[in-house]
Amino acid sequence: MPVDSAVEFKDVSFTYPDTKKAILDQISFKIKRGSWTSLIGHNGSGKSTISKLINGLLLPDSANNSRITVLGMTLNQKTVWDVREKVGIVFQNPDNQFVGATVGDDVAFGLENRAVPREQMVKIVRKVLADVGMLDYIDAEPANLSGGQKQRVAIAGILAVEPKIIILDESTSMLDPKGREQVLKIIKHLKKEKNLTVISITHDIDEANMADDVIVLNGGKILAQGTPTEIFSKTEMLQEIGLDIPFVQKLINKLNEVGISVPKNIKTKDELKQYLCQLNLKK
């Protein structure tokens, strides 16, 4: 596998035993190391199944040519624990991940399981809580935190064990717009600082627009893969499967129609506003 690939699926299928229906049907794709990749598609399209397959929580259907490779390791019974050491998942409901009586205890849980010496553990817990802006809550009870704060603690717990890949499995879907923005801002900063590979499974099209790469799933197949600009310019394809395009992309499309060309790296409302202000100043 190329050195620059974090995850590679080759002809992977998965069928839940109780339904006998293939959720994934011979899908193949690659995710680049250090990238942010968003998986989008309707419920039942296979997004969350992919996250569980990457982490070895599910095993693909048996096939001679089928293969999942994570950070250069072919996923199998011998390598699954090594893979899990490198992959962290932040789930939709952070309450399902809490095991400690306090925020500090919860973040320390994964380190305790790895027999990290206490003195080192204390330093790591304080560092990762500071990274996500939650150090002041180290002695707080998780139940008393807001949804956004809980997700920050869940992220800190993952960061403590130093993964190379973080999977956000609908992890912002239960947050209000402000909480979602804060969590995504933190992830974006940490990705750059620690050279993390981020895989975001989301229904939020505007969140997907922040990614470097977007994979569109439909009916257990990969419908398309490309940059947000490439994917969200395929308006007809997305409408056919009932998906929208980001608000910012709608504005950019309208601007392009009236002859105002917008750079491809602009993804947020603030970036678009700043660009248009600069254009106005030049005039």
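Predicted model: local features only at pLDDT ≥ 70, side-chain atom pairs only at ≥ 80, totals over all residues.
**Entry 1: helices α5 and α6**

Gly148, Gln151, Arg152, Ile155 and Leu159 of α5 meet Gln182, Val183, Ile186, Ile187, Leu190 and Lys194 of α6, where contact means heavy atoms within 4.5 Å. By class, this contact of α5 with α6 has 6 nonpolar, 3 polar and 2 charged residues. I used the classes as defined: Ala, Val, Leu, Ile, Met, Phe, Trp, Tyr, Cys and Pro are nonpolar, Asp, Glu, Lys and Arg are charged, and the others, Gly among them, are polar.

I took helices (H or I, at least four residues) and strands (E, at least two) as DSSP runs, numbered from the N terminus. I then noted the geometry of the pair: the axes of α5 (residues 147-160) and α6 (residues 177-194) come within 10 Å and cross at roughly 20°. This makes α5 roughly parallel to α6; angles under 35 degrees count as roughly parallel, over 145 as roughly antiparallel, 65 to 115 as roughly perpendicular and the rest as oblique. The axes are lines fitted to C-alpha atoms, for helices over the stretch in contact, and the angles run from 0 to 180 degrees between N-to-C directions. I recorded the crossing of α5 past α6 as right-handed, a term that applies if the near helix is turned clockwise from the far one by less than a right angle, anticlockwise being left-handed.

On conventions, I numbered residues from 1 along each chain as its sequence is written, and side-chain values use heavy atoms, without hydrogens and water. Local features need pLDDT of at least 70 and side-chain atom pairs count only at pLDDT 80 or more, while totals for chains, interfaces and linings use all residues.

**Entry 2: the sheet of 6 strands**

I traced an open sheet with mixed pairing, in the order β6-β7-β8-β3-β9-β10. Two strands pair if DSSP finds at least two bridges between them. β6 (87-90) and β10 stand at the edges with a single partner strand each, so one side of each is left without a neighbour in the sheet. Neighbouring strands of this sheet are turned by 20° against each other on average, direction ignored.

I placed both helices of the first entry against this sheet. α5 lies across β6 and β7 (165-169) and runs at about 170° to β6. α6 lies across β3, β7 and β8 (197-201), at about 140° to β3.

**Entry 3: strand β9**

Buried means under 20% relative accessible area, exposed over 50%, and partly exposed in between (1.4 Å probe, protein chains only). Strand β3 (residues 36-40) runs parallel to β9 and is joined to it by 4 bridges, with Ile215 as the bridge partner of Leu39. With β10 (residues 221-226), β9 pairs in the antiparallel sense over 5 bridges. I found Val214 opposite Gly226 and Asn218 bridged to Lys221. The hairpin of β9 and β10 has 2 residues between the strands, and Gly219 takes a positive phi near 60° there.

**Entry 4: Ile231**

I located Ile231 in helix α8 (residues 228-232). Ile231 is buried, with a relative accessible area of 1%. Not counting residues up to four places away in sequence, I listed Val214, Val216, Ala224, Gln225, Gly226 and Leu238 as touched by Ile231.

**Entry 5: helix α3**

I recorded Val103, Gly104, Asp106, Val107, Ala108, Gly110 and Leu111 as buried in α3 (residues 103-113). These buried residues pack against α4 (118-131) and α5. Just after α3, Ala115 takes a positive phi of about 60°.

β1 (residues 5-15) and β4 run antiparallel, joined by 4 bridges; Arg67 is the bridge partner of Lys10.

Ser66 counts as buried at 18% relative accessibility. Its contacts, leaving aside neighbours within four places in sequence, are Lys10, Asp11, Val12, Pro60 and Asp61.
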